[in-house]
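Dear colleague,

I am handing over the structure we spoke about, and below it I have set out what turned up when I went through it. Please read the notes with the sequence and the model open beside them.

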Amino acid sequence: MRQRSRILAAMKTYAQQAEEIVAGDRNDSYGDPDADFRGVALMWTGLLQAKLAPGAAIDSADVALLMTALKLRREAHKPKPDNLIDAHGYLLCLERIRKANELCSIESIYVDGVPIHTVQA
(Lines give C-alpha, C1' and ligand atoms only; values in the text may rest on other atoms or scores of the structure.)
Protein backbone atom coordinates (compact mmCIF):
# COMPACT_ATOMS: atom_id res chain seq x y z
CA MET A 1 0.00 0.00 0.00
CA ARG A 2 2.85 2.41 0.73
CA GLN A 3 4.25 1.94 -2.76
CA ARG A 4 0.84 2.74 -4.26
CA SER A 5 0.55 6.00 -2.28
CA ARG A 6 4.08 6.98 -3.32
CA ILE A 7 3.21 6.33 -6.96
CA LEU A 8 0.01 8.38 -6.65
CA ALA A 9 1.91 11.21 -4.97
CA ALA A 10 4.50 11.17 -7.76
CA MET A 11 1.71 11.43 -10.35
CA LYS A 12 0.36 14.66 -8.87
CA THR A 13 1.42 17.77 -10.70
CA TYR A 14 3.46 20.41 -8.93
CA ALA A 15 0.42 22.68 -9.13
CA GLN A 16 -1.77 20.08 -7.40
CA GLN A 17 0.80 19.60 -4.67
CA ALA A 18 1.07 23.36 -4.19
CA GLU A 19 -2.73 23.69 -3.93
CA GLU A 20 -2.82 21.06 -1.19
CA ILE A 21 -0.10 22.87 0.74
CA VAL A 22 -1.59 26.35 0.34
CA ALA A 23 -5.09 25.16 1.24
CA GLY A 24 -3.92 23.12 4.23
CA ASP A 25 -0.50 23.06 5.87
CA ARG A 26 0.46 26.59 4.78
CA ASN A 27 -2.55 28.20 6.42
CA ASP A 28 -2.19 26.03 9.52
CA SER A 29 1.46 27.03 9.89
CA TYR A 30 1.45 30.68 8.82
CA GLY A 31 -2.17 31.87 8.66
CA ASP A 32 -3.89 33.73 5.86
CA PRO A 33 -1.41 34.58 3.06
CA ASP A 34 -2.52 38.23 2.81
CA ALA A 35 -2.06 38.88 6.54
CA ASP A 36 1.22 36.97 6.64
CA PHE A 37 2.62 38.69 3.56
CA ARG A 38 1.50 42.13 4.81
CA GLY A 39 3.72 41.56 7.84
CA VAL A 40 6.62 40.61 5.59
CA ALA A 41 5.89 43.65 3.39
CA LEU A 42 6.12 45.98 6.39
CA MET A 43 9.47 44.48 7.33
CA TRP A 44 10.81 44.68 3.77
CA THR A 45 9.57 48.26 3.39
CA GLY A 46 11.45 49.21 6.56
CA LEU A 47 14.60 47.41 5.47
CA LEU A 48 14.50 48.96 1.99
CA GLN A 49 13.28 52.42 3.03
CA ALA A 50 16.46 54.16 1.88
CA LYS A 51 16.12 52.58 -1.58
CA LEU A 52 12.38 53.10 -2.10
CA ALA A 53 10.88 56.26 -3.53
CA PRO A 54 9.42 58.57 -0.86
CA GLY A 55 6.06 57.24 0.26
CA ALA A 56 6.50 53.94 -1.59
CA ALA A 57 5.81 50.69 0.20
CA ILE A 58 5.96 47.01 -0.56
CA ASP A 59 2.62 45.23 -0.24
CA SER A 60 1.50 41.63 0.18
CA ALA A 61 1.16 41.10 -3.58
CA ASP A 62 4.75 42.30 -4.05
CA VAL A 63 5.90 39.75 -1.47
CA ALA A 64 4.17 36.92 -3.34
CA LEU A 65 5.73 38.04 -6.65
CA LEU A 66 9.21 38.43 -5.17
CA MET A 67 9.06 35.05 -3.44
CA THR A 68 7.97 33.50 -6.75
CA ALA A 69 10.96 35.16 -8.42
CA LEU A 70 13.28 33.78 -5.73
CA LYS A 71 12.01 30.24 -6.33
CA LEU A 72 12.34 30.61 -10.11
CA ARG A 73 15.91 31.89 -9.72
CA ARG A 74 16.75 28.89 -7.56
CA GLU A 75 15.17 26.62 -10.17
CA ALA A 76 17.33 28.21 -12.88
CA HIS A 77 20.43 27.59 -10.74
CA LYS A 78 19.64 24.04 -9.58
CA PRO A 79 16.39 22.43 -10.70
CA LYS A 80 14.41 20.48 -8.12
CA PRO A 81 10.70 19.86 -7.53
CA ASP A 82 10.56 21.92 -4.33
CA ASN A 83 11.36 25.11 -6.24
CA LEU A 84 8.51 24.61 -8.70
CA ILE A 85 6.01 23.49 -6.07
CA ASP A 86 6.83 26.55 -3.97
CA ALA A 87 6.64 28.88 -7.01
CA HIS A 88 3.16 27.53 -7.77
CA GLY A 89 2.25 27.99 -4.11
CA TYR A 90 3.35 31.63 -4.07
CA LEU A 91 1.32 32.30 -7.22
CA LEU A 92 -1.72 30.70 -5.57
CA CYS A 93 -1.17 32.98 -2.58
CA LEU A 94 -0.96 35.96 -4.96
CA GLU A 95 -4.28 34.94 -6.49
CA ARG A 96 -5.90 34.76 -3.03
CA ILE A 97 -4.43 38.12 -2.04
CA ARG A 98 -5.71 39.82 -5.20
CA LYS A 99 -9.17 38.27 -4.84
CA ALA A 100 -9.35 39.37 -1.20
CA ASN A 101 -8.29 42.90 -2.16
CA GLU A 102 -10.92 43.00 -4.91
CA LEU A 103 -13.60 42.03 -2.39
CA CYS A 104 -12.39 44.68 0.05
CA SER A 105 -12.75 47.36 -2.61
CA ILE A 106 -16.46 46.59 -2.96
CA GLU A 107 -18.46 48.88 -0.70
CA SER A 108 -21.69 46.87 -0.69
CA ILE A 109 -22.98 43.65 -2.17
CA TYR A 110 -26.63 43.81 -3.19
CA VAL A 111 -29.21 41.07 -3.72
CA ASP A 112 -32.49 42.26 -5.24
CA GLY A 113 -31.54 45.85 -4.42
CA VAL A 114 -30.89 45.10 -0.73
CA PRO A 115 -27.34 45.39 0.68
CA ILE A 116 -26.44 42.07 2.25
CA HIS A 117 -22.84 42.81 3.09
CA THR A 118 -20.91 46.04 3.44
CA VAL A 119 -17.12 46.11 3.36
CA GLN A 120 -15.14 49.09 4.45
CA ALA A 121 -12.36 49.78 1.97
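L91 sits in helix α6, and in this model, which is a predicted one, L91 is partly exposed, because its relative accessible area of 42% falls between the 20% limit for buried and the 50% limit for exposed. The C-alpha atom of L91 is separated by 6.7 Å from that of A64, although the two residues are 27 apart along the chain.

Two or more lining residues come from each of α2 (14–23), α3 (25–30), α4 (33–47), α5 (60–77) and α6 (81–104), and the largest share, five residues, is given by α6.

Which residues form the aromatic pair that is tilted? They are F37 and Y90, with 6.2 Å from centre to centre and 40° between the planes, and theirs is the one aromatic pair that the structure holds. Since F37 lies in helix α4 and Y90 in helix α6, the pair ties together parts that are 53 residues apart in sequence.

With best regards

Definitions and conventions. Residues are numbered from 1 along each chain as its sequence is written. This is a predicted model: local features need pLDDT of at least 70, side-chain atom pairs count only at pLDDT 80 or more; totals for chains, interfaces and linings use all residues. Side-chain values use heavy atoms; hydrogens and water are left out. Helices (H or I, at least four residues) and strands (E, at least two) are DSSP runs, numbered from the N terminus. Rings of Phe, Tyr and Trp (its six-membered ring) pair if their centres lie within 6.5 Å; planes under 30 degrees apart count as stacked, over 60 as edge-to-face and the rest as tilted. Buried means under 20% relative accessible area, exposed over 50%, partly exposed in between (1.4 Å probe, protein chains only).
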